[in-house]
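Let us read a structure together, one feature at a time.

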Amino acid sequence: QSFEFGSFLESIGRTVWRLQYKDGKSIHQLQCVIYTAPLGIRFAYAPRAYLESTVAPHFLNYLKKERIGFLRIESVNDIGAITFPHYQTHNRQAQNRWILNVKKDIDTILAEMHQKTRYNIHLAEKKGVTIEEKKDVELFWKLDQETTKRKQYTANPKSYYEAILNTPMAIQTNAYYQGIPVASSILLHFKHTLIYLFGASASQHRNVMAPALLQWYNIKKAHQLGCIYYDFLGAAPPTTQAEGGETLHHYTWDAKHPFSAVTRFKAGFGGFVRTFPKAQEIVLSKPRYWFFVLLSKLGLTK
């Protein structure tokens, strides 16, 4: 929802609307990305937005007046009762995020990690892994291609990473083994949080545990910047062992979830999971919305 991230989205060709409603001395803001589906059907997407039920009608009526079919919102709060029809939908942003409090003393943060995570950090140091802060899209892109091939998912285009590294919020940290890049991360610093946005690693030299040392460097960077939180982003949702969950370092998660492996890695650093409300689609025009749903079922929309 930051102005800066909206500017980044505009730089890669997205249409961004920044809406503001004044209620006496209070100012309420909502940043939306406007998408156009086939046949000109438009909808608004508001990720990580704070929206109160008393204020929501003002934004929704404006979007309706502008012939927006529906608002897809991933709120950080429980919006409460709204009069417009609305339906739960899948979250584009990670609904569960792994958060580490970095306001503590740095030695305390290290001591509170799982012993295996501390071992891997020290192993990487003994093996001679080094860390450098340097914006280098080619380095990240090469490692990202290896990562996506190994884990079999689709990467963002290189131009996307290049654009985000051009923002003042972005920091890139890289790990090297014997002078060869073996891991890289793209971070975003905003106010009191450092966000681990993207990560990539080489398929070779995985035994030197470079990603563990890289994360430790990032955590110390967050502490150095005066942040309160280091946000690891996505994690598997919490569950219980009775439901077949896996447990590490006081956290039990859904072992069958696609994020299970990364959750095991992140949980080792300590921290907690933050769960956001389920995404909603708030209908502003029933004909446009249901036609969009039909197009989605036919695979003609994003």
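Q: Is Y161 buried or exposed, and why?
A: Y161 counts as buried, because its relative accessibility is 2%. Buried means under 20% relative accessible area, exposed means over 50%, and partly exposed lies in between (1.4 Å probe, protein chains only).

Q: What kind of model is this, and how are residues numbered?
A: This is a predicted model: local features need pLDDT of at least 70, side-chain atom pairs count only at pLDDT 80 or more, and totals for chains, interfaces and linings use all residues. Residues are numbered from 1 along each chain as its sequence is written, and side-chain values use heavy atoms, leaving out hydrogens and water.

Q: How is a pair of aromatic rings described?
A: By the distance of the centres and the angle of the planes. Rings of Phe, Tyr and Trp (its six-membered ring) pair if their centres lie within 6.5 Å; planes under 30 degrees apart are stacked, over 60 edge-to-face, and the rest tilted. This structure holds 20 aromatic pairs. In one of them, Y160 and Y161 have ring centres 6.3 Å apart and planes at 85°, so the pair is edge-to-face. F265 and F269 also form an edge-to-face pair, because their planes stand at 75°, with centres 5.3 Å apart. F269 is buried at 1%, while F265 is partly exposed at 31%.

Q: Which residues do ring pairs link into a cluster?
A: The cluster holds F5, F8, F140, W141, Y160, Y161 and F198.

Q: Where does the charged end of R92 sit?
A: Over the ring of Y35, 5.2 Å from its centre. R92 also lies over the face of Y45, at 4.9 Å from the ring centre. The rule for a charge over a ring: NZ of Lys or CZ of Arg is within 6 Å of the ring centre and within 35 degrees of the ring normal.

Q: What separates the closest N and O atoms of E10 and R18?
A: In this salt bridge the distance is 3.5 Å. E10 is partly exposed at 36%, and R18 is partly exposed at 33%.

Q: Which side chains make polar contacts with the side chain of S185?
A: The side chain of T173 does, at 2.5 Å, and that of N218 does, at 3.1 Å. A polar contact is a pair of N or O atoms within 3.5 Å; within protein, one must be able to donate a hydrogen and the other to accept it, and residues adjacent in sequence count only if both atoms are side-chain atoms. S185 is in strand β9 (residues 180-190) and is buried at 0%.

Q: Where is S201?
A: S201 is in strand β10 (residues 193-201). Its side chain makes a polar contact with the side chain of R150 (2.8 Å). S201 is buried at 10%.

Note on methods:
Helix = DSSP H or I, 4+ residues; strand = E, 2+ residues; numbered from the N terminus. Salt bridge = Lys/Arg side-chain N within 4 Å of Asp/Glu carboxyl O.
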